[in-house]
Amino acid sequence: MSVELNHTIVHCRDNRESAEFLAHILGLTAGAEWGPFVPLVLSNGVTLDFATVPAASISVQHYAFLVSEAEFSSAFERIEARGITYWADPHRRHPGEINHNDGGRGVYFPDPSGHGMELITRPYGGRP
């Protein structure tokens, strides 16, 4: 049997706001609320289940999304159109820039709850 990630829970201040934010950036649609979750299904079948929790209990996490060049261009346009601060690196040393690691493009930006979001067009290490 192969092992695959099926879903993960993303703690946030407002489940609908965070799910809709990421859905907009990625060109996806957030699902209907299911119990305490607002799901966002990715193309590989993994679901991000956004759950509202008290802000003090949110531990900032990092979520990286592998996208095509065309998807990156569209998402990056939406990031810029919303005036979202972004960086070329996870340490926030290169604001307003994207990176070209492994011959692709990448960008880091925060979601409404402060999680570190990353878009890349090539996996690290040049893996296919």
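Rings of Phe, Tyr and Trp, the six-membered ring in the case of Trp, count as a pair if their centres lie within 6.5 Å. All views below show a predicted model.

**View 1. Aromatic cluster of Phe72, Phe76 and Tyr86.** Phe72, Phe76 and Tyr86 belong to one aromatic cluster. Phe76 belongs to helix 2, while Tyr86 sits in the loop between helix 2 and strand 5 (106–110). The two residues are 10 residues apart, and their pair links distant parts of the chain. Phe76 and Tyr86 are both buried.

**View 2. The stacked rings of Trp34 and Phe37.** The model has 4 aromatic pairs. In the pair of Trp34 and Phe37, the ring centres lie 6.4 Å apart and the planes are at 20°; the pair is therefore stacked, as planes under 30 degrees apart count as such. A pair of aromatic rings is described by the distance of the centres and the angle of the planes.

View 3. Three strands make up an open sheet with the order 1-3-2 and mixed pairing. Strand 1 (7–12) and strand 2 (37–41) are at the edges. Each of these two has a single partner strand, so one of its sides has no neighbour in the sheet. From one strand to the next, the twist averages 25°. Strand 2 pairs with strand 3 (residues 47–52) in the antiparallel sense, over 5 bridges. Phe50 in strand 3 is the bridge partner of Val38. Strands of a sheet pair through backbone hydrogen bonds, either parallel or antiparallel.

View 4. Strand 4 and strand 6 are paired in the parallel sense over 5 bridges. The bridge partner of Tyr63 in strand 6 is Met117.

**View 5. The largest pocket and its lining.** The space in the largest pocket is about 580 Å³. Its lining consists of 24 residues, and Leu42, Asn44, Ala64, Phe65 and Leu66 are the ones nearest the centre of the pocket. Strand 4 (62–66) and helix 2 (69–81) each supply at least two residues of this lining. Strand 4 gives the most, with 5 residues. Sorted by class, the lining of the pocket holds 15 nonpolar, 6 polar and 3 charged residues.

View 6. The model has 1 cavity of 30 Å³ or more. The volume of the largest cavity is about 50 Å³. Rolling a probe the size of a water molecule over the atoms shows where empty space is left. Residues lining this cavity include Asn99, Asn101, Asp102, Arg105, Glu118, Ile120, Arg122 and Tyr124. By class, the lining of the cavity has 2 nonpolar, 5 polar and 4 charged residues.

View 7. Ile120, one of the residues that line the largest cavity, is in strand 6. Ile120 has 10% relative accessibility and so counts as buried. Val46 is 74 residues from Ile120 along the chain, and the C-alpha atoms of the two are separated by 17 Å. Asp111 lies in the loop between strand 5 and strand 6 (116–120). The relative accessible area of Asp111 is 6%, so this residue is buried. Asp111 and Leu22 are 89 residues apart in sequence, with a C-alpha to C-alpha distance of 7.4 Å.

Methods: Residues are numbered from 1 along each chain as its sequence is written. This is a predicted model: local features need pLDDT of at least 70, side-chain atom pairs count only at pLDDT 80 or more; totals for chains, interfaces and linings use all residues. Side-chain values use heavy atoms; hydrogens and water are left out. On a 1 Å grid over the protein atoms alone, a cavity is a set of points where a 1.4 Å probe fits but cannot get out, and a pocket is an open set with protein on both sides within 12 Å along at least five of seven lines; lining residues have an atom within 4 Å of a point. Grid points are joined across faces, edges and corners, and a volume is the space filled by probe spheres set on the points. Helices (H or I, at least four residues) and strands (E, at least two) are DSSP runs, numbered from the N terminus. Ala, Val, Leu, Ile, Met, Phe, Trp, Tyr, Cys and Pro count as nonpolar, Asp, Glu, Lys and Arg as charged, and the others, Gly among them, as polar. Two strands pair if DSSP finds at least two bridges between them. Axes are lines fitted to C-alpha atoms, for helices over the stretch in contact, and angles run from 0 to 180 degrees between N-to-C directions. Rings of Phe, Tyr and Trp (its six-membered ring) pair if their centres lie within 6.5 Å; planes under 30 degrees apart count as stacked, over 60 as edge-to-face and the rest as tilted. Buried means under 20% relative accessible area, exposed over 50%, partly exposed in between (1.4 Å probe, protein chains only).
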